Amino acid sequence: MNKMCKFAIEDIKDKDGVYNEAKLVESCNNIIRPGMTEEEILSSIMQSALELTTESEPRWQYAASKIYIYKLYKEVNNNRGLKKQEPYSNFYDFIKEMTTRNLYGKYILENYSQEEVEELEKYIKPERDYLFTYSGIDLLTKRYLIHDYNKKTLELPQQMFMGIAMHLAIPEVKGKKIEWAKRFYDVLSSLKATMATPTMSNARKPFYQLSSCFIDTVDDSLNGIYKSLDNFANVSKFGGGMGIYIGKVRALESSIRGFKGAAGGVIPWVKLFNDTAIAVDQLGVRNGSVAVWLDAWHKDIPEFLQIRTNNGDDRKKAHDVFPGLCYPDLFWRLAEQDIDANWYMMCPHEIKVAKGYSLEDYYGAEWEEKYYECVHDDRISKRVMSVKDIVRLIIKSAAETGTPFAFYRDTVNKMNPNKHKGIIYSSNLCTEIMQNMSAMEIQQKEIFDKNGDKIVIEKTKAGDFVVCNLSSIVLGNVDVNDEKEIEYVVETQIRAMDNVIDLNYYAIPFAEITNKKYRAIGLGTSGYHHMLANNKIHWAEEKHLEFADKVYENINYYAVKASMKIAKEKGSYECFEGSDWQNGDYFKLRGYSSDRWNELKQEVNKTGLRNGYLLAVAPNGSTATIAGTSEGIDPVMARFWLEEKKGSIVPKTAPNLSWENFWFYNSAYNVDQSFSVKVNGVRQRHIDQGQSFNLYITTDFTMRQIMNLYIDACKCGVKSIYYVRSKSLTVEECESCSA
């Protein structure tokens with residue numbers, strides 16, 4: 001026991017003697033009893049280290065992690081039927097074994113020779129296993145490492161990272177493949193960046209659905225609605241989340257084929273998506289996840305705002321769907337300037353019949369002009385409520401359920417770099433992906449006779465079916481003041497995500513068509529609060545604004561530069577010509593006028609760009625835990641807390657908590673939310689898509705204060721708001737977009 005206690009603390013010893021062997025041994029003596037097995041003794045040492053973890057002594061969790069890893073090595077050897085073997089020896093034999101057992105895809109050994117695998121084995125760095133906190137290694141082991149069909153762990157962390165890296169490097173040319181595999185491994189294994197959960201989980205496996213989330217636009221037809229349901233079922237089957245824009249579907253009591261009052265509105269269809277999420281779960285692990293989006297001017301909005309609340313008719317509820325509202329700027333301008341003004345809700349089908357256009361296809365001043373055209377057209381029926389009453393419904397739902405999510409459609413479309421090819425109606429499940437969308441059109445069915453068998457072929461014109469390819473820079477684990485390091489990590493991740501597009505398994509063909517049309521990716525960030533604490537910056541000080549502006553401008557600059565370099569090598573995305581990237585409007589809209597930006601603008605114009613969309617900040621809850629950092633762009637929940645998981649209590653702390661950074665970690669609920677909105681607007685200038693941005697409220701917040709946060713977000717150029725989180729409210733985390 002003493003030997004293992006010494007091993008556990010050797011990396012956390014300090015000159016003040018806070019972390020010492022005797023303290024751990026004393027704690028263990030209260031648990032360990034004669035006759036215990038070696039495994040029970042190791043578990044007891046690990047539990048003792050966890051119990052010693054406190055706000056003032058946070059590094060005991062790393063001692064627990066070391067014992068966990070020691071146990072993991074023994075367990076994997078035993079599960080693989082090996083006697084005594086160094087943890088990371090015989091990597092080629094390991095891959096062969098995993099391939100034979102159908103746990104690794106055959107494509108790994110088809111693309112790498114034994115000599116190449118042995119070269120990569122020499123590059124594996126076992127010492128990086130000790131970078132994990134206890135919570136990080138525990139989550140990685142249970143959810144990401146390869147297990148057999150009896151759920152026994154067979155893979156070690158560095159084997160996982162190298163397996164992912166090898167998969168991601170397959171599209172590279174022969175002379176560069178090993179070099180890029182090493183680079184991908186280096187960035188991921190050092191926890192300076194993480195890939196999205198589906199990539200971390202599925203890269204190297206036989207079924208490699210690598211993308212996090214998808215967005216579909218529902219057509220206003222029976223065939224279109226059921227085709228979208230089918231798409232959602234197939235995406236959910238392989239672990240993807242879904243955003244569904246349903247704003248084109250006709251409202252309650254609208255006409256069908258001229259018969260007035262025949263339509264059932266959007267709520268019955270929302271319930272079908274709800275039931276599909278439950279029915280098509282993700283291999284029994286969790287229900288499917290779907291956000292359904294509707295425009296704030298749609299006639300069914302009042303009912304839509306109550307689908308998750310606890311009061312009212314349960315036949316009109318959809319408790320497993322996450323509702324989201326798409327707001328024009330006009331709505332929040334009226335809320336600020338004339339809250340008692342009338343708000344007119346209309347049916348999109350009636351507008352199309354009367355006016356010959358779809359109101360949702362416009363934005364900004366043009367949308368506003370057409371909105372009032374429709375308001376004054378007597379052929380279009382209206383549902384009228386005051387802005388105040390609509391806001392009350394929104395905030396009541398937000399306080400009770402954390403939703404609806406918010407999507408500021410005018411800002412999104414104004415800043416869309418590919419507005420020449422379409423419009424963005426809504427976001428995804430986690431409110432960070434914002435790309436051109438359009439509904440697919442089922443055109444006709446044809447019957448063919450093939451050897452006496454009748455074959456029915458359905459022809460469908462593909463729309464823009466959005467795919468999210470995500471990864472995140474761990475800002476707390478890199479030196480954000482070192483531009484060379486930022487450039488290295490950003491360039492590595494842009495290359496990795498671009499390769500995901502070509503490697504991905506697509507459950508539905510429409511996703512592949514759109515993914516290869518725009519080659520859209522979403523480089524995000526985790527460890528934001530961790531970064532601030534590293535740099536001794538308080539959340540609510542003005543210095544924060546300037547610092548965030550600089551960090552995200554650098555990330556954006558190197559992301560654009562990296563994509564441009566790949567375009568020089570592999571070609572631009574299909575829709576580059578005429579885009580804001582090509583004509584320079586992208587740079588002009590963001591006020592980029594320095595010499596380095598002007599030079600890059602000219603290079604992009606000349607060379608092209610590989611990816612039509614580049615940056616998107618996901619919530620990255622799970623992968624942030626693995627990296628030992630704070631989630632996304634949110635403040636930490638507390639400096640120290642206890643998390644209950646399956647009957648056990650696990651201590652958790654703010655990242656790298658110490659007396660040096662202690663006072664730089666403020667709880668999310670103690671942070672000035674209006675300042676958070678302001679910072680979000682500063683970051684947003686540099687992000688071509690969106691950010692999973694949460695509001696944190698307490699019971700002290702009034703309805704007016706919450707409304708003002710929505711108004712401020714609109715005025716600051718924020719593109720979306722994810723959850724409104726309350727201390728009394730437990731909200732469901734998005735697993736799909738963890739990046």
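# Values set against definitions

Student: Why is Cys5 called buried?
Tutor: Cys5 has a relative accessibility of 0%, and the term buried applies under 20% relative accessible area, exposed over 50% and partly exposed in between (1.4 Å probe, protein chains only). Cys5 therefore counts as buried. The model is predicted, so local features need pLDDT of at least 70 and side-chain atom pairs count only at pLDDT 80 or more, while totals for chains, interfaces and linings use all residues. Residues are numbered from 1 along each chain as its sequence is written, and side-chain values use heavy atoms, with hydrogens and water left out.

Student: What makes β8 part of a sheet, and which strands pair with β8?
Tutor: Strands (E, at least two residues) and helices (H or I, at least four) are DSSP runs, numbered from the N terminus, and two strands pair if DSSP finds at least two bridges between them. Strand β5 (residues 321–327) is joined to β8 by 4 bridges, and the two run parallel. Strand β17 (residues 720–721) pairs with β8 in the antiparallel sense over 2 bridges. Ala406 of β8 is the bridge partner of Leu325, and Ala406 also stands opposite Ile721 in β17.

Student: Which way do the side chains of β8 point, and are they buried or exposed?
Tutor: In β8 (residues 405–408), Phe405 and Phe407 point one way, Ala406 and Tyr408 point the other way, and all are buried. In a regular strand, side chains alternate between the two faces of the sheet.

Student: Why are β11 and β17 called edge strands?
Tutor: The open sheet of 7 strands has the order β11-β2-β3-β4-β5-β8-β17, with mixed pairing. The edge strands are β11 (466–468) and β17, each of which pairs on one side only. Within this sheet, β2 (residues 213–217) and β3 (residues 241–245) run parallel and are joined by 5 bridges, with Ile244 as the bridge partner of Asp216.

Student: What makes β14 and β15 a pair, and what lies between them?
Tutor: Strand β14 (residues 640–645) and strand β15 (residues 648–653) run antiparallel and are joined by 6 bridges. Lys645 stands opposite Ser648. The two strands form a hairpin with 2 residues between them, and Lys646 in the turn has a positive phi of about 50°.

Student: How do you know that Arg519 is buried while Asn102 is called partly exposed?
Tutor: Arg519 has 6% relative accessibility and therefore counts as buried. Asn102 has a relative accessible area of 43%, so the term for Asn102 is partly exposed. Phi is near 50° for Arg519, a positive value in a residue other than glycine; Asn102 has phi near 60°, likewise positive. Arg519 lies in the loop between α21 (509–518) and β13 (522–526), and Asn102 in that between α5 (91–100) and α6 (107–111).

Student: What joins the side chains of Gln689 and Gln435?
Tutor: The side chains make a polar contact at 3.0 Å, where that term denotes a pair of N or O atoms within 3.5 Å; within protein, one must be able to donate a hydrogen and the other to accept it, and residues adjacent in sequence count only if both atoms are side-chain atoms. Gln689 is buried, with a relative accessible area of 0%, and is placed in the loop between α28 (673–684) and β16 (695–697).
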